[in-house]
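Colleague: Could you take me through one part of this model slowly and with care? I would like a close look at a single helix and the residues packed along it.

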Amino acid sequence: MKKFKFSLDKLKSYKEQIKKREENTLASLRAEQLDKLHEKEELLKELDRRNAEFIRKSEKGMTAMEMVTEKGFISYILDSIKAKDKEISIMTAKINKQLIVVTEASREVQTLEKLEEKYRNRNDQQSIMMKN
């Protein structure tokens, strides 16, 4: 009996490679976004620390120059947090676009798998009919 050979195997393999590559890209984007979220968290901790330090110093008394310097650090951290939020937002948009790409690649592979199954079933039925 002749072994079943799916005629679109090469195409299916190619589509699976594309799907895998796109999934890896998605995983990379998610890892990058996670890094940016951790960086933002560190900035928020630094902001809390600087605010507490500012309050402590202002209770003891500080010069105008010290106050301007501390407020400058706090302002810089706030600007960094805003920039990090923008980066995170951009990463979220990239992830959403990549999810669409991965979904489409998965759909193409599933279509070929269903087609292969259909051909396999048809081939099996023909083999059974030939035996009878």
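**A close look at one helix**

Modeller: Lys 12 has its place in helix H1, where a helix is a DSSP run of H or I with at least four residues, a strand is a run of E with at least two, and both are numbered from the N terminus. This is a predicted model, in which local features need pLDDT of at least 70 and side-chain atom pairs count only at pLDDT 80 or more, while totals for chains, interfaces and linings use all residues. Residues are numbered from 1 along each chain as its sequence is written, and side-chain values use heavy atoms, with hydrogens and water left out.

Lys 12 counts as buried because its relative accessibility is 14%; buried means under 20% relative accessible area, exposed over 50% and partly exposed in between, with a 1.4 Å probe and protein chains only. Leaving aside neighbours within four places in sequence, Lys 12 is in contact (heavy atoms within 4.5 Å) with Leu 112, Glu 113 and Glu 116.

Other buried residues of H1 include Leu 26, Leu 43, Leu 47, Arg 50 and Phe 54. Among these, Leu 43, Leu 47 and Phe 54 belong to the largest nonpolar core, which has 7 residues in all; such a core is a set of buried Ala, Val, Leu, Ile, Met, Phe, Trp, Tyr and Cys residues joined through side-chain atoms within 4.5 Å. Helix H1 (9-60) and helix H2 (64-131) are the elements that give two or more residues to this core. A second, separate core of 5 residues includes Leu 26, Met 91, Ile 95 and Val 102.

Just after H1, Gly 61 takes a positive phi of about 105 degrees.
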